[in-house]
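Here's a quick briefing to read alongside the model. Have the sequence and the 3D view open as you go.

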Amino acid sequence: QYGFINTCLKSLVVEKYGEEVWEKLRLQAGVQDTFLTFEVYKDEITMQLVDKACKVLGVPADMVLREFGEYFFEFCKRSGYYHMLRTLGGNLYEFIENLDALHSYLSLSYQASFLFCFVFPQEMNAPSFRVEKNEDGSMHLHYYSDRRGLYHIVPGIIGAAALDFFNIEISMEIVNQAEEEERTGKKEHIVFLVTQNPVLPYKERKKYSSSPPDLADSEKQSETQLNNEDPEKAKYTIRDRENLVCPVKKSHWKTIRGIITLGRGKLLRGFDPVYPKSLWIDTKTFCNGLPFHMVFDKELRVKQAGVSIQKIVPGLQTMGICLDQYFSIVHPEVPFTISSIQKFINSQFVFQTRREMMPESWKQRPMLELRGQMIWMESLQCMLYLCSPLLRTLHELEERQMHIADIAPHDVTRDLILLNQQRLAEMELSNQLERKKEELRILSKHLEEEKKKTEALLYAMLPQHVANQLKEGKRVEAGEFKECTILFSDVVTFTNICAQCEPIQIVLMLNTMYLQFDRLTTVHDVYKVETIGDAYMVVGGVPVPVSTHAERVANFALGMVIAAKGVENPVSGNPIQIRVGIHTGPVLAGVVGEKMPRYCLFGDTVNIASRMESHGVPSKIHLSSSTYQCLKYKNFEMTERGEIEVKGKGKMHTYFLVRNKAATENEIMGRP
């Protein structure tokens, strides 16, 4: 919240002097560039920035703060508060007079500070403005604040507002500076003398000195041009010419034009109210019609009170009791004296009931707050407090055991409570939708995670492109691969091991071995076709054809033999031994089945690879002659086994794979 000031200061420096000057200033002040946050910064940081800005830019502090004030006003306009501020008053006096009321409304309604409070956090008291008219048309502006040294911002903000809203230039000089002891502590009290001069375009100035026949045409032409260029600006500009606190002296033609009657004798410009000779309302009707009002004299003795406030605070039925015994002033932060109230008579006053003076039934309830305006009645030397209960929601109404009927029908507090209740209901509905949206987002996230797990499981069973085709409901056509390399392996004496061990031991042994083999398929990018018992089958070059299928399978086989040495035989306690057989040739591949589809390989190449494994030697990698030819010139060390009798195939010339001459064991195993 304090950071908002520093954010504006940063924007001002960057906009006028560039990013480099801001960086220099920030570094000299030792401030982190973490603005536009809700962090509460101390005043010392702001003053450090101002001090360094003075040194970097070579200008005095009051000029930096004044220029900041002007920029701050523009910043708030751009932030969406233009129309709210523009409609605050018809002239500068009314504008300043209603600043406290605006800030009071915003701070009490939204629990947030605003423009002229310089973005104060809630734990601090907002500054206050009081304005007095002088006979010569000038004004005295009283500025009260807990914060020291920032009063030079005020001329920048007020000056920018005067020029933008009312087309006048003002000069502000300090005529008094003091420190006053208020109820909440010491406040800085600065009094500015505000003098005003109109600033009108050339055509406007010419208009006042024009001859009578040309006057209307000149003004009409000017207004037409304004309407064509910017209707919104024209509406404000034309009205503002008549609303200046200190307008220039009108010509006699201007005066004559002002005395144009409208309707039955009513003046178009100028209004004098008509008052009855006697007040046509009796006391009872007044107290019932305005149920929340109080009249008190200079000694704060209650002279009159509305019926609803009497009902809530029975002590007020005793006329002559002192008001400060039953109420305290919450806003503005002033002592409860008639002189303090008169000082801030243009502010909205918030009273709060004192708990110790309330009936027993109110002891456990929140205290009632009243908000309204003070009106000084000079003839009676009394103060009238016209107020309403400060309630925002039906819940607050119920907490105080009050009812809508306690509030006068003409009081807009009724509408505000009901409208706010509707807004809260809409907010709750919106929050529920947001919560549902968040729940759906979390569910969607979990669903996506489960989907990934399902896909990972599916891709482990089938090649990815095949699985995707099946998910889309497409039929997977069988494919022919002209050359691939197939590997089979099994555990030596697996039947004997099964006969001598518990089933769980067999499962644990195979799981330990297959986990390592599965990891190696990823390392060497070969496709695991299936496992049946102790038999493990992989293929290279299927389902994605590659020219290095034989090398990949060969390296995988070398890794299998190394990995098997780390798996313990549950019978003997020694490392298990495996046989590996490899053959290269053409195959036909396709998906078989619907309930549990499998990607299977068909062809004589599969049979020969299986024969290479069954006719192999423990802890050896048995190669067919076709695989040998593929690896012959690929940095693999192989030894000739010679001709052997192969079941169903007759005599075949085979080989053993010994090692990869170009790769280390860690590379084969995929270790770092």
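What follows covers helix packing, a strand sheet and some backbone details.

This is a predicted model, where local features need pLDDT of at least 70, side-chain atom pairs count only at pLDDT 80 or more, and totals for chains, interfaces and linings use all residues. Residues are numbered from 1 along each chain as its sequence is written, and side-chain values use heavy atoms, with hydrogens and water left out. Helices (H or I, at least four residues) and strands (E, at least two) are DSSP runs, numbered from the N terminus.

**Helices α19 and α20**

- Helix α19 takes in residues 503-524 and helix α20 residues 549-564; their axes come within 10 Å and cross at roughly 150 degrees. (Axes are lines fitted to C-alpha atoms, for helices over the stretch in contact, and angles run from 0 to 180 degrees between N-to-C directions.)
- That makes α19 and α20 roughly antiparallel to each other. (Angles under 35 degrees count as roughly parallel, over 145 as roughly antiparallel, 65 to 115 as roughly perpendicular and the rest as oblique.)
- α19 passes α20 in a right-handed crossing. (A crossing is right-handed if the near helix is turned clockwise from the far one by less than a right angle, and left-handed if anticlockwise.)
- On the α19 side, the contact (heavy atoms within 4.5 Å) is made by Gln516, Phe517, Leu520, Thr521 and His524. From α20 come Arg552, Asn555, Phe556, Gly559, Met560 and Ala563.
- Sorted by class, the contact of α19 with α20 has five nonpolar, five polar and one charged residues. (Ala, Val, Leu, Ile, Met, Phe, Trp, Tyr, Cys and Pro count as nonpolar, Asp, Glu, Lys and Arg as charged, and the others, Gly among them, as polar.)

**Helices α16 and α17**

- Helix α16 (residues 413-461) packs with helix α17 (residues 464-471) at an angle of about 120 degrees, and their axes are 8 Å apart.
- α16 and α17 are therefore oblique to each other, and their crossing is right-handed.
- Glu455, Leu458 and Tyr459 of α16 make the contact with Gln464, Ala467, Asn468 and Lys471 of α17.
- By class, this contact of α16 with α17 has three nonpolar, two polar and two charged residues.
- From an unreviewed UniProt entry comes the annotation "coiled-coil region" for residues 419-457. (UniProt positions are given in the numbering used here, feature names are shortened, and annotations may be inferred rather than shown by experiment.)
- In the model, residues 419-457 are 100% helix and 0% strand, with the end C-alpha atoms 56 Å apart.

**The six-stranded sheet**

- Six strands make an open sheet in the order β8-β7-β12-β11-β10-β9, with antiparallel pairing. (Two strands pair if DSSP finds at least two bridges between them.)
- The edges are β8 (302-305) and β9 (327-331), each with a single partner strand, so one side of each is left without a neighbour in the sheet.
- From one strand to the next, the twist averages 30 degrees.
- Strand β7 (residues 293-297) runs antiparallel to β8 and is joined to β8 by three bridges; phenylalanine 296 has valine 302 in β8 as its bridge partner.

**Backbone details in loops**

- Histidine 331 and proline 332 are joined by a cis peptide bond, with omega about -5 degrees; proline 332 sits in the loop between β9 and α14 (338-343).
- The valine 542 to proline 543 peptide bond is cis, with omega near 0 degrees. Proline 543 is in the loop between β15 (535-540) and α20.
- Aspartate 525, a residue other than glycine, has a positive phi near 55 degrees, and its place is in the loop between α19 and β14 (527-532).
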